[in-house]
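Notebook open, structure about to go up on the screen. I'll jot things down in the order I look them up.

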Amino acid sequence: MGRLIHIGFGNVVNTGKIIAVVSPDSAPIKRLVQKAKEDGMAIDATQGRKTKAVLIMENSQIVLSALLPETISGRAQAENGDIDEA
């Protein structure tokens, strides 16, 4: 099992199951989110806030977060010790 990272409002996800962290602004991602909601494969962790990041998981589920993708990826990299010193 991978590490758990905080994605906002007391919610955590397993870093080992994350495929991608993307912004919800593009039309393809909006369609992906709508389809996942219709199929019951979306987990809304925004607590009613605006969705700022969509986490695509291994099992075809998506997780909606109110944190920015940069924040989530930074936390995931910090947990894994993969921070580049550029």
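**Entry 1: salt bridges.** I began in helix 1 (residues 27-39), where Lys 35 and Asp 39 are four residues apart and so separated by about one helical turn. Helices (H or I, at least four residues) and strands (E, at least two) are DSSP runs, numbered from the N terminus. Lys 35 forms a salt bridge with Asp 39, with the closest N and O atoms 2.9 Å apart. My criterion for a salt bridge is a side-chain nitrogen of Lys or Arg within 4 Å of a carboxyl oxygen of Asp or Glu. Lys 35 counts as partly exposed at 48% relative accessibility, and Asp 39 is partly exposed too, with a relative accessible area of 44%. Cut-offs for those words: buried is under 20% relative accessible area, exposed over 50%, partly exposed in between (1.4 Å probe, protein chains only).

A note on provenance: this is a predicted model, where local features need pLDDT of at least 70 and side-chain atom pairs count only at pLDDT 80 or more, while totals for chains, interfaces and linings use all residues. Residues are numbered from 1 along each chain as its sequence is written, and side-chain values use heavy atoms, leaving out hydrogens and water.

How many salt bridges does a search of the whole structure find? It finds two. Lys 17 is partly exposed at 41% relative accessibility, as is Glu 58 at 48%.

**Entry 2: cores.** I looked up the largest nonpolar core next and got 11 residues, including Ile 5, Val 13, Leu 55, Val 63 and Ile 72. A core here is a set of buried Ala, Val, Leu, Ile, Met, Phe, Trp, Tyr and Cys residues joined through side-chain atoms within 4.5 Å. Strand 1 (4-8), strand 5 (53-57) and helix 2 (69-80) each supply at least two of its residues. The largest share, three residues, comes from strand 5. I also found a second, separate core of six residues, with Ile 29, Ala 36, Ile 62 and Leu 64 among them.

**Entry 3: strand 6.** Which way do its side chains point? Ile 62 and Leu 64 go one way, Val 63 and Ser 65 the other, and all are buried. Leaving out residues up to four places away in sequence, Val 63 touches Ile 7, Val 13, Ile 43 and Met 57, among others; contact means heavy atoms within 4.5 Å. Strand 4 (residues 42-44) pairs with strand 6 in the parallel sense over three bridges, while strands 5 and 6 pair in the antiparallel sense over four bridges. Pairing requires DSSP to find at least two bridges between the strands. Ile 43 stands opposite Val 63, and Ala 53 has Ser 65 as its bridge partner.

Entry 4: Ser 60 is exposed, with a relative accessible area of 54%. Phe 9 isn't a glycine either, yet has a positive phi of about 55°. I found Phe 9 in the loop between strand 1 and strand 2, partly exposed at 41% relative accessibility.
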